[in-house]
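Thanks for taking a look at this one with me.

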Amino acid sequence: MRVLLIGANGYLGRFVADRLLADPAVQLTALGRGDDADVRFDLASGSPGALTRFLDAVHPGVVINCAGATRGGARELTRHNTVAVATVCEALRRSGCGARLVQIGCGAEYGPSQPGSSTAEDAVPRPGGPYGVSKLAATELVLGSGLDAVVLRVFSPAGPGTPAGSPLGRLAEAMRRAMQSGDGELKLGGLGAQRDFVDVRDVARAVHAASLSAAQGVINIGSGRAVRLRDAAAVLARVAGYGGALHELDGPPGPLRAAIGHPRTDPDHAAPAAYPYPDGCGSWQQADVRTARDRLGWRPRINLEESLADIWMEAACRI
């Protein structure tokens, strides 16, 4: 099976590439903006015609799009998350390859949900920020394209390679600094939010399964369990061997509180008080993952403690 992977050097893309390369039946070609890509192409500025010519030459059976942006203003997010996907869809429509498209979406497309609830794929999306809006627009483009396509709505990925600007990455960095300086207490803000964390390696397994399946439409990829960031911090302290006290700060959003969900849209400024959750998902998110089980035969295998241990291992190397 010939697979074209877009965004192979990104956080998710690296693990998807590793998973595909481990399958002897897959012939993988990586397309991206970096020098180490098999083919250099910028989806945000490249033309559908140029991409169509490449598709016709390589003739992949599956195209997996892991590319996108989580940071930046609305214009940049739209360019990398929406316009780029429009380019992919148009190129596939023009091409004679007939490839299946696996698009990586995100839980932020749903927006806030009721505490205690599980969000299923038939929920009406109400993204609460520009990132979720740009990803939802991409999903709608894929679903309306007429292509053989599936969108995997990934909730909060965790595990090795977790970006330092993500909530768990910031927690690990704060703990590393506390241990390095010998602080006996760690004060953190914004730990009340609850998110559905899923290990990035489990996400890669889901992408692999989706590329082999005939499933179409939207499929949630998550653990099916919301975890309070305060509890994740306690687990992280245990795996790190941090014996100090953890104190949650009250008050307006600070650096850690502003990092709830996806990284801040503007890395140089804290989120305004009116938007304490920059991913636009409010205080609670939990995925209903029954569709992934039924249509992909997929279940998450790696628990959050293992994901946090891997995050800590990378953070500890910076001590």
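Which residues point one way from β5, and which the other way?

1. Before answering, a word on the source: this is a predicted model, where local features need pLDDT of at least 70, side-chain atom pairs count only at pLDDT 80 or more, and totals for chains, interfaces and linings use all residues. Numbering starts from 1 along each chain as its sequence is written, and side-chain values use heavy atoms, with hydrogens and water left out.

2. Arg 100, Val 102, Ile 104 and Cys 106 point one way, while Leu 101, Gln 103 and Gly 105 point the other way. In a regular strand the side chains alternate between the two faces of the sheet. Strand β5 (residues 100-106) is largely enclosed by the rest of the structure, because 7 of its 7 residues are buried (under 20% relative accessible area, 1.4 Å probe, protein chains only). Strands here are DSSP E runs of at least two residues, and helices are H or I runs of at least four, numbered from the N terminus.

3. On one pairing, β4 (residues 62-65) runs parallel to β5 over 4 bridges (pairing needs at least two DSSP bridges). Val 63 sits opposite Leu 101.

4. β5 also runs parallel to β6 (residues 149-154), joined by 6 bridges. Here Gln 103 has Val 151 as its bridge partner, and Ile 104 stands opposite Leu 152.

5. Stepping back, the open sheet has 7 strands, paired in parallel, in the order β3-β2-β1-β4-β5-β6-β10. Its edge strands, β3 (39-40) and β10 (217-221), each pair on one side only.

How values were computed: Buried means under 20% relative accessible area, exposed over 50%, partly exposed in between (1.4 Å probe, protein chains only).
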